[in-house]
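Please look over the sequence and the structure shown here, and then read the notes that follow, which take up one topic at a time.

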Amino acid sequence: MASTKTVLGAIFIASFYLSASIAFPPGHHEGSYPVGNSPTTGLSPDYYKFTCPQADEIVVSILKKAIAKEPRIAASLLRLLFHDCFVQGCDASVLLDDAEEVVSEKNAIPNKNSIRGFEVIDEIKATLEKACPHTVSCADTIALAARASTVLSGGPYWELPLGRRDSKAANMKLANKNLPPPNATLHRLIKFFERQGLDKVDLVALSGSHTIGKARCVSFKQRLYNQHRDNRPDNTLEKGFYHILASACPRTGGDNSIHPLDFSSPSKFDNSYYKLILEGKGLLNSDEVLWTGKDPEIAGLVKSYAENEPLFFEHYVNSIIKMGNINPLVGYNGEIRKNCRRVNQEI
C-alpha cells in the first residue's frame, strides 16, 4: 500500500511539473529573447493566421495607395521600425504621443522634425481594428508596414515573425542615447549596433535601407562646410557631388531642404546605395564611413553588396529579422493598443 502511494505521488508531481511547463514555457513571461532568434513561444509568421489572416493584405493595400501618392513614405515607414526597435525593443513606443504619464520619443533629438509616417500607421491601424478588433498590435503594424514598404519599393520579401505586443510607456532618454546620429563615426556606429546585439554585417546590411528616402540638409551640412571643425568640407566627398549638395544646401539657411539618400534611384530598393558609397557619393557621414572608416571587414561588405545585389538582399533579410526580434513584449506583457498614439484607458 505504501509503495502504491509513493508511485501515485510521483505520478502526481511529474504531471504537475509537465502541466506547468506547458502552461508557462521557460521565458514566456519575460518579454525578451536573444536577438536574432525567433522566440519559440512568442513570435511566429503564423501568429494571426486564424485571428486576422487578412492583416498583411490590409497593410499592403493601404501602402500601395500611400506610396503611389508619395514614394518617400516607404522609407519613412521603414525608418520607424529602426527608430522603434533601437530604443527599448520593438514595442511601438515610438508611436506614443505626449500624455499625462508619457513623454513622447517623437521629441527626442534624433526624431524631432524628422521621423514621419504616423498618419499612414493610423490609417492602417484603424482599418485593422475594423476588420479584427483588438488583435493586431501597433508594434506588428510597424513591422508589417516596414516589410510592405520594402517589397513595394522593389526590395526583398521575408517571413516576418509576428506576435509583438505594445508598450505602455515611451523612453525619450533612451531614444536620445540609442539612436545613432547622421554624423557618427564608424567606431560609434559599431558601438550603437553592438548595444542592440547587432554585428558588423547587420550594420552594413541595414544601412542599405538608405537606398530609398531623403535626408534634410541639416543632417549632412557639417560635411559640406566644417567636417573637422576647420571650416573645410569632407575630403572624402566626390567633388562633383559636393558642388551639387552645396548648391542645394547653402552654408546658412535651408536646413530643412531635403535631398535623396541615393540620388541614382531614390525610390527603388536596390544596391545602388553601395555603388555610390564606393564613388564618394554617400550622403550622410554615417553612410560614407562604411567605406572610408578603415575597417576591412565593413569595407569588404560594402564592395560585395555593390557587386552582388542578391547577396545584399539575403543579408538584409537576415538582419532586419534579427533587428525585429530585439526585446519584443510577448505573452501577458504590454497590451494591444486600440489607438497607436496612446495607451489603452484602464477600466
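Are Cys-138 and Cys-340 buried or exposed? Both Cys-138 and Cys-340 are buried, and this holds for a model that is predicted.

## Disulfides

The count of disulfides comes to four, and when the bonded cysteines of the chain are numbered in sequence order, the pairing reads 1-4, 2-3, 5-8, 6-7. One of these links joins Cys-138 and Cys-340, whose sulfur atoms lie 2.1 Å apart, and with -100° about its S-S bond this link is left-handed. It connects distant parts of the chain, since Cys-138 belongs to helix α5 while Cys-340 sits in the segment after α14 (309-324), and the two are 202 residues apart.

Another disulfide is formed by Cys-52 and Cys-132, with their sulfur atoms 2.1 Å apart, and both of these cysteines are buried. The torsion about the S-S bond of Cys-52 and Cys-132 is about 75°, so this disulfide is right-handed. Because Cys-52 lies in the loop between α1 (2-23) and α2 (55-69), and Cys-132 in the loop between α4 (118-131) and α5 (138-152), the pair ties together parts that are 80 residues apart in sequence. A further disulfide joins Cys-85 and Cys-90, their sulfur atoms 2.0 Å apart; the link of Cys-85 and Cys-90 is right-handed, with 120° about the S-S bond, and both Cys-85 and Cys-90 are buried.

## Nonpolar cores

The largest nonpolar core has 77 residues, and those with the most contacts inside it are Leu-63, Leu-80, Leu-95 and Met-323. Helix α3 (residues 73-88) supplies the largest share of this core, namely eleven residues. There is also a second, separate core of 14 residues, which includes Ala-215, Phe-220, Tyr-225 and Leu-283.

Leu-95 can be followed in more detail through its contacts, leaving aside its neighbours within four places in sequence. On that basis Leu-95 is in contact with Leu-80, Phe-118, Ile-121 and Ile-142, with Lys-106, Arg-337 and Arg-341, and with Cys-138 and Cys-340, and Cys-138 and Cys-340 are the two cysteines of the left-handed link described above.

## Enclosed space

Rolling a probe the size of a water molecule over the atoms shows where empty space is left. How many cavities of 30 Å³ or more does a search of the whole structure find? The search finds one cavity of 30 Å³ or more, and about 40 Å³ of space lies in the largest cavity.

The largest cavity is lined by Leu-81, Ala-143, Trp-158, Leu-160, Arg-164, Ile-320 and Gly-324. Sorted by class, its lining has five nonpolar residues, one polar residue and one charged residue.

## A buried serine in a loop

Ser-265 is found in the loop between β2 (258-260) and α11 (272-278). Why does Ser-265 count as buried? Its relative accessibility is 13%, and because buried means under 20% relative accessible area, Ser-265 falls in that class.

The surroundings of Ser-265 can be described by its contacts, again leaving aside the neighbours within four places in sequence. Counted in this way, Ser-265 is in contact with Thr-211, Asp-270 and Ser-272.

Definitions and conventions. Residues are numbered from 1 along each chain as its sequence is written. This is a predicted model: local features need pLDDT of at least 70, side-chain atom pairs count only at pLDDT 80 or more; totals for chains, interfaces and linings use all residues. Side-chain values use heavy atoms; hydrogens and water are left out. Helices (H or I, at least four residues) and strands (E, at least two) are DSSP runs, numbered from the N terminus. Buried means under 20% relative accessible area, exposed over 50%, partly exposed in between (1.4 Å probe, protein chains only). Contact means heavy atoms within 4.5 Å. A nonpolar core is a set of buried Ala, Val, Leu, Ile, Met, Phe, Trp, Tyr and Cys residues joined through side-chain atoms within 4.5 Å. On a 1 Å grid over the protein atoms alone, a cavity is a set of points where a 1.4 Å probe fits but cannot get out, and a pocket is an open set with protein on both sides within 12 Å along at least five of seven lines; lining residues have an atom within 4 Å of a point. Grid points are joined across faces, edges and corners, and a volume is the space filled by probe spheres set on the points. Ala, Val, Leu, Ile, Met, Phe, Trp, Tyr, Cys and Pro count as nonpolar, Asp, Glu, Lys and Arg as charged, and the others, Gly among them, as polar. A disulfide is a pair of cysteine sulfur atoms within 2.5 Å.
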